[in-house]
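I wanted to look up how aromatic rings pair in this chain. My notes follow the model shown here.

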Amino acid sequence: MSQDQTMVAPAEMTLDLAAKPITPAIGAEIFDINLAADDIAESIPAIRAALLKYGVIFFRDQDMSAEQHITFARHFGELEVHPATPKNQDNPEILRIAYGAKKKGQENFWHSDVTWREKPSLGSILRAIEVPEVGGDTLFANMHLAYENLSPEMKRLCEGLTAVHDVARVFAKRLNKRPEELHDQYPPMTHPVIRTHPETGQSVIYVNTAFTSHIEGMSKEESRWLLDHLYATAANPEIQCRFRWEKGSVAFWDNRVCQHNATSDYFPARRVMERVTIAGCRPYFGRPR
Ligand SMILES: [Fe+2]
């Protein structure tokens, strides 16, 4: 381990991980670990601690199958099946995200995954199957630091507000379905604008450009203005990190604290990723509801 790597080792942990932060705000690369190893269970508490400490953690050169990807993710909770997963797929927990000459990358906006669910995701684990020679980086923003950058008056205003999250904003067009069809299974959900992270207790801005439709109790104009202001907080480079993928890279991010943005700058090259998504809890502000 080099001098600028740190150890993640809470008292209850039995195993130390070598971690090198990418920026002071968010993200660390974790070394010397094989996520597909038979004894990976021993490392789970340390990996969970690193996730909470850094918001997103990265692993290189992971030679793992789809089944091993799922097995690893199951250590952190129940897995979700995404509505964009084709029916009758062998491993329904795997969401394949593939772009190339026929289709340009689409996730190039700031968001947290599946905030339209009643209990949005705890975290996502993304594995690079095929990457362009250059481009296709993913950016991550620490939305707790974004909250901390708000003025005390703005914090007070936002802490009392709730917003609606709607799956149809992105997936009606992509899945070629009417919003009502999607709403039968996934009705629009109300979540607090500022959520409390259930494990760290941090306050986090929890609205995003992809899925949030409006803030409740405000006029359309007021809601638009405030959402635009809150969305813009993710664009601050001082709360971000940027990850350059290689084949076999794995990123594990905490959807409860960070947002991400997948650059779509590699067209017509191919970029193929597989994601497994871990279910979370119902967001709350203050005390659990
Ligand atoms: Fe995403």
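Is F140 buried or exposed? I looked up its relative accessible area in this predicted model. The value for F140 is 0%, so I noted F140 as buried, the cut-off being under 20%.

Next I looked for the ring that pairs with F140. F140 forms an aromatic pair with W253, with 5.4 Å from centre to centre and 55° between the planes. F140 belongs to strand β7 (residues 138-142) and W253 to strand β14 (residues 250-254), so the pair ties together parts that lie 113 residues apart in sequence. I also checked W253, which has 2% relative accessibility and therefore counts as buried. F140 and W253 are both in one aromatic cluster with F58, F243 and W245.

Then I counted the pairs. With ring centres within 6.5 Å as the rule, I have eleven aromatic pairs on my list. One of them joins W116 and F171: the ring centres are 6.4 Å apart and the planes stand at 70°, so I wrote down edge-to-face. This pair also links distant parts of the chain, 55 residues apart. W116 is in the loop between β5 (95-99) and β6 (123-130), while F171 is in helix α5 (residues 168-174). I looked up accessibility for these two as well. W116 is at 1% and counts as buried; F171 is at 8% and counts as buried.

My last entry concerns a charge and a ring. Which ring does the charged end of R195 sit over? I found the ring of Y206, with the charged end 4.7 Å from the ring centre.

Methods: Residues numbered from 1 in each chain as written. Predicted model: local features only at pLDDT ≥ 70, side-chain atom pairs only at ≥ 80, totals over all residues. Heavy atoms only, no water. Phe/Tyr/Trp six-rings, centres within 6.5 Å; stacked < 30°, edge-to-face > 60°. Helix = DSSP H or I, 4+ residues; strand = E, 2+ residues; numbered from the N terminus. Buried < 20%, exposed > 50% of the residue type's maximum accessible area, 1.4 Å probe, protein only. Lys NZ or Arg CZ within 6 Å of the ring centre and 35° of its normal.
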